[in-house]
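I'll walk you through one structure today, chain by chain and then contact by contact. Let me put it on the screen.

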Amino acid sequence: MSETILSLKGVEKIFGSFRALGPVDLDVSAGERLGIIGPNGAGKTTLINCITGVYAPDKGSVHFQGRDISRIEAHKRARLGISRSFQIPRPFTGMTVLENLLVPLDYCHVDGSKAERAHAVLASVGLSGRTADASETLSQLELRKLELARALVGNPKVLIADEAMAGLSDEEIDEVLEILFALNRSGVAVIMIEHIMHAVMRFSQRIVCFETGRLIATGTSAEIADNPLVQKVYFGE
Amino acid sequence: MLAQGPIMLSIDILVNALVTGILLGSVYAALALGLAITFGILHIPNIAHPTLVIAGAFFVYTLAQWGVDPILAALVGLVPFYLLGVALYLFYSRLFERRGGANVLQSLTLFFGLSLVIEILLALSFGSELKSVNVFYIGSSLRLGILTIPYRLLIPALLAPVMIGAVWLYLSRTNTGTAIRAVAHEERALSIAGLNPASIKRHAFGIATATAVVAGAALIMVGPIEPFSGRFQIGRVFAIVVLAGMGSIPGSLVIAIVIGISEALVSSYLNPSWSPGVAFAILLLGLALRPQGLFGAAR
Amino acid sequence: MTKNSILFLVGIAIVLVLGFLMPWVLKNPFYFFVGYVVLQYVTIATGWNILGGYAGYINFGAAGFFGAGVYLSAFLFTTLGLPLPLCILAAAIFGAVLGLLMGYLTLRIQGVYFAIATLGLVVVLETIVHNIPALGGASGMAVYGPRQPFWSPGPSQFNFTVMLIIAAAAVTLARFVEISWIGRGLRAVRASEDAAECSGVPTLRLKLLACALSGAVLAAAGAPYPFYTSYMEPVTAFSLIIGLNAIAMPLIGGTRSWVGPVLGALLLASVQQIATVTISSELNILFVGLVLIAFVAFAPGGLAELFGRKQRRARS
């Protein structure tokens, strides 16, 4: 394994008296494909929010490339190279597809021509034909692609794909997976949060399983599939 | 401008200010009750609520001109105001909720426009002069030692908790009440349980608007009003609902009394002309100091 | 600079030159007296739209900013004898500070609280003015403005030209914000604050910037007002119709680009100025209120979008 790029140490998040997450220790290597699974309410979304900076953790720390980023704002983390896509696509309505990508390009410092970069990324996700269209006119699959394109246009080092495939058909899932594999081949670590098991099993080199805010299992796809704790979470006794 | 002479913390001024503040707070809580339902529970930013209260006050005023008792007039007004609320909600939801969720900017603008239209219609029908009601039981004052309480404040202040208590019991003890409290968060669950979320919201909006006529009766008994009096209530009612924790009715009574006392103290020791700004200052401070708490509550 | 920007600046320059020349051609001062109000609303609508339109944060307190500009400018002029341009500049800075303050206190939470806070702003500022005798208190005070300079034939014409310069500056500022990275960031905020933040947009700082710019323009719009009316009083400085028009004009014209507020203000303010002769100010508010509701309900994109759609349909 290569060097650790993202590291969570004893991260906890508590809302009132409800412990939503933690304590969690988790390391992500540069260029890794990590899957995160767990039932609803397991703390996956809280985990993402602690990594991307929506919340500051109540305890513990988040390190990125060796630097403690626990207290810095979300947009600065995005500029450092932590990017995410949203479970429910949040296109910048009122803008064209191309303009959607220009937002991160305006604010994350990327070398070279912004327009060229945007067109290249749109081509890589298969949205070349729709650059000038209003984002309101996209189909569900196209919205997912736009979501990913916007997340990766700023050259992130880590991409968090939050249920990027929910509600898609099998062929569409393959398409999205292919985009994520290609991104990973270029050296970007991809963290996939997903309920679609066959997709996450196929994609991930390593899978971690969460339940009630805690990390209960870690392993390869095969190990996770056989893990009794995971089976208990998903299938009951 | 400071009050003339040395500021004396004389005990009778203080006691009178405190009691006046508590009674005012009770009336403010009645004004805020409808908003606690529409904004606090349903998350509909109904900034027209204070204007609806003024409309309620004019309804009571009109009946009082024919010799109807103001409290009785308020009870008579419950049904038409409930229906008005239902109509408002239908208008609102036809426009926005069908479009896929209300956009805050648009709904705020809509209620802002509605509130102005109501104000102008009131001004055109009643004129812009101050209007008040007079009944035998709100003429004089109750004297208890150093304490002087005008009945025109005491009676509305006693009327308000009755209404607030009734609504609170309805919301916390009945099935429909529970459904109203759940509707903003558990829309899907309600549909599964066979309840229609749209009709629950419509009903809740109707109740909220019905409270406006009682609050209006309380307000016009306390002092004279004119069609644009609502603007001075906006700061108060939103401060109450937001700081109480959205939708908490007992909490809103507490905050309302805090605001009432603050205003009464400012009026007594500084100058009554400063009191319109007090509630707003409290709201701003509250928003600035506890943004996380409010954010959490608003979810 | 793009071709469009050059065309825009040339257009602004032509309008300004016309504004200086017109008073010598059109002799009746009444036109300039009325034109002043129309331009004032162009400025107000444009200023409001920087925050309300681009970022989607609604400000109900435009009259508060406007009134603050009125009072500060009159105070500086009458007591300190500052020259008019400095009074306008000071009003703009004051408006920016007021905007920053409001934003700082309320923008860290959801937009709805910002809107509610602005509802109270007018009440608070009016309360303050009522309690300061030096500002004339509730009854107001007379203000004697500067004499018109040699290049202007009369006071109405001079006020008109001053307002035209402010309006031109406001529209230029709004257009700059719109086409720059600031505007793109604000539009992203309007669409989805979370997604904007995760795309590297410093949402809080951008919103504060928009608050400050919007506040500055709104207060600058009020700065020449005491000299225009020769009198200032809380009722007119913090007038309800200003707050209403500030919202209605951009929404009617269209909030997405600088054209919308200008269009909406020219249209609505002209109608209001023509109608004031025949209808009461109450009917005026009723009319604007109903038009506002109609647009929010049936044409949320405003006239700009209605025309745009028609054009697109014609093309395809």
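So, chains A and B first: no contact joins them, and their closest C-alpha atoms lie 9 Å apart. By contact I mean two residues whose C-beta atoms, placed from the backbone, lie within 7 Å.

Quick housekeeping. This is a predicted model, where local features need pLDDT of at least 70, side-chain atom pairs count only at pLDDT 80 or more, and totals for chains, interfaces and linings use all residues. Residues are numbered from 1 along each chain as its sequence is written, while chains are lettered from A and ligands numbered from 1 in the order in which they are written.

Now, which chains have the most contacts between them? Two pairs of chains touch, and the pair with the most is B and C. That contact takes 38 residues from chain B and 34 residues from chain C. On the chain C side, the elements giving two or more residues are α4 (84-106), α5 (111-130), α12 (240-253) and α14 (281-298). Helices here are DSSP runs of H or I with at least four residues, strands are E runs of at least two, and both are numbered from the N terminus. The largest share, twelve residues, comes from α5(C). By class, that side of chain C has 23 nonpolar, nine polar and two charged residues. For the classes, Ala, Val, Leu, Ile, Met, Phe, Trp, Tyr, Cys and Pro count as nonpolar, Asp, Glu, Lys and Arg as charged, and the others, Gly among them, as polar.

Over to chains A and C. Chain A puts in 21 residues and chain C 18. On the chain A side, α2 (74-80) and α3 (97-107) each give two or more residues, and α3(A) has the largest share with six. The side of chain A that touches chain C divides into ten nonpolar, five polar and six charged residues.

Last, chain B by itself. Its secondary structure comes to twelve helices and two strands. Strands β1 (residues 141-144) and β2 (residues 147-150) of chain B run antiparallel, joined by four bridges; two strands pair if DSSP finds at least two bridges between them. Leu144(B) stands opposite Leu147(B) in β2(B). The hairpin has two residues between the strands, and Gly145(B) takes a positive phi near 60° there.

And that's my tour, thanks.
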